[in-house]
Structures are given as structure tokens and as C-alpha cells.
Amino acid sequence: MSLPNDANIEALEVVVPRIQERIAYLEQAMKQAIPDFPNVLREVHNALKEYPDSVHLLEPAERATVVQACAQQAAISVAAANKKSGRSTASGKKLKDINEDDI
């Protein structure tokens, strides 16, 4: 995807559909575990880096696909917060609540 350095609206009209095609393929690659997935993600990333204004012309679902692909490639997962406070033992009792009978 190479366009002149003085890319304008007409150039974006050419680039955005190409990026959208690659994003659609990227979504398939994610779902079907296609081995070419990292290369497709790299292509999309490079195109978006080269033409940052094209991001504004993408649908929210397309942007979400790119973010999900990045998260999948980086093996990022969001874990639930640990809401337990204070130290506890294997039985689940807090250390301050343990007496001789528990030992």
C-alpha cells in the first residue's frame, strides 16, 4: 500500500477500503487461528501508522477488531481484581482469627 507522500482525500478513498479488507481478513484469521495472523496484523498496523487519518474513517467494529487482534497477539488478558484484604490462611481464616484449636 504505497501512495505519494502528499496523500490527500482521494488517496484515503483508495487506502481505507484496502485497510477494511485486511481488517475483515484479520477477523477471520483470529477466529480460525490462521497461521498468517501476525503478518496480517502487522500489515494493518503499518497501514494505520502510515495513514493515521484513515482510523477516523473506520467503523467502531473495525477498530475493535484491530484492538482485539493486538490483545490476542500480545496474549493480554484482563484479570478480575482480588478483593480479599488482609492475610489469610489456607483454610480461609484471617491470621488474627486463628487460635490454638486451629493449629
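Start with the salt bridges. A search of the whole of this predicted model turns up two of them.

**Stop 1: Glu 43 and Arg 22**

Select Glu 43 and Arg 22 and show their side chains. The two form a salt bridge, with 2.9 Å between the closest N and O atoms. Now look at where each partner sits. Glu 43 belongs to helix α2, while Arg 22 belongs to helix α1, residues 9-32. The partners are 21 residues apart, and the pair links distant parts of the chain.

**Stop 2: Lys 31 and Glu 27**

Stay on helix α1 and select Lys 31 with Glu 27. Their side chains meet in the other salt bridge, at 3.6 Å from N to O. This pair lies within one helix: the two residues are four apart in α1, so about one helical turn separates them.

Check the surface again. Lys 31 is exposed, with a relative accessible area of 66%. Glu 27 is partly exposed, at 31%.

**Stop 3: helix α2**

Go back to the helix that holds Glu 43. Select residues 37-50 to display the whole of α2, which has 14 residues. Its first and last C-alpha atoms are 20 Å apart. That is close to the 20 Å expected at 1.5 Å a residue.

Which residues of α2 are buried? Colour Phe 37, Val 40, Leu 41, Val 44, Ala 47 and Leu 48 to see them. Then look down the axis. These residues cover an arc of only 130° around it, which means that they are on the same side of α2.

**Stop 4: Glu 62**

Move on to helix α3, residues 60-73, and select Glu 62 there. Is this glutamate buried or exposed? Glu 62 counts as buried, because its relative accessibility is 16% and the cut-off for buried is under 20%.

Next, show what surrounds Glu 62. Leave aside the neighbours within four places in sequence. Glu 62 is then in contact with Gln 20 and Ile 23.

Finish with a distance. Pick the C-alpha atoms of Glu 62 and Ala 24. In space they are 7.9 Å apart. In sequence, 38 residues separate Glu 62 from Ala 24.

Definitions and conventions:
Residues are numbered from 1 along each chain as its sequence is written. This is a predicted model: local features need pLDDT of at least 70, side-chain atom pairs count only at pLDDT 80 or more; totals for chains, interfaces and linings use all residues. Side-chain values use heavy atoms; hydrogens and water are left out. The expected span of a helix is 1.5 Å times one less than its number of residues. Buried means under 20% relative accessible area, exposed over 50%, partly exposed in between (1.4 Å probe, protein chains only). The arc is that of the directions from the helix axis to the C-beta atoms. A salt bridge is a side-chain nitrogen of Lys or Arg within 4 Å of a carboxyl oxygen of Asp or Glu. Contact means heavy atoms within 4.5 Å.
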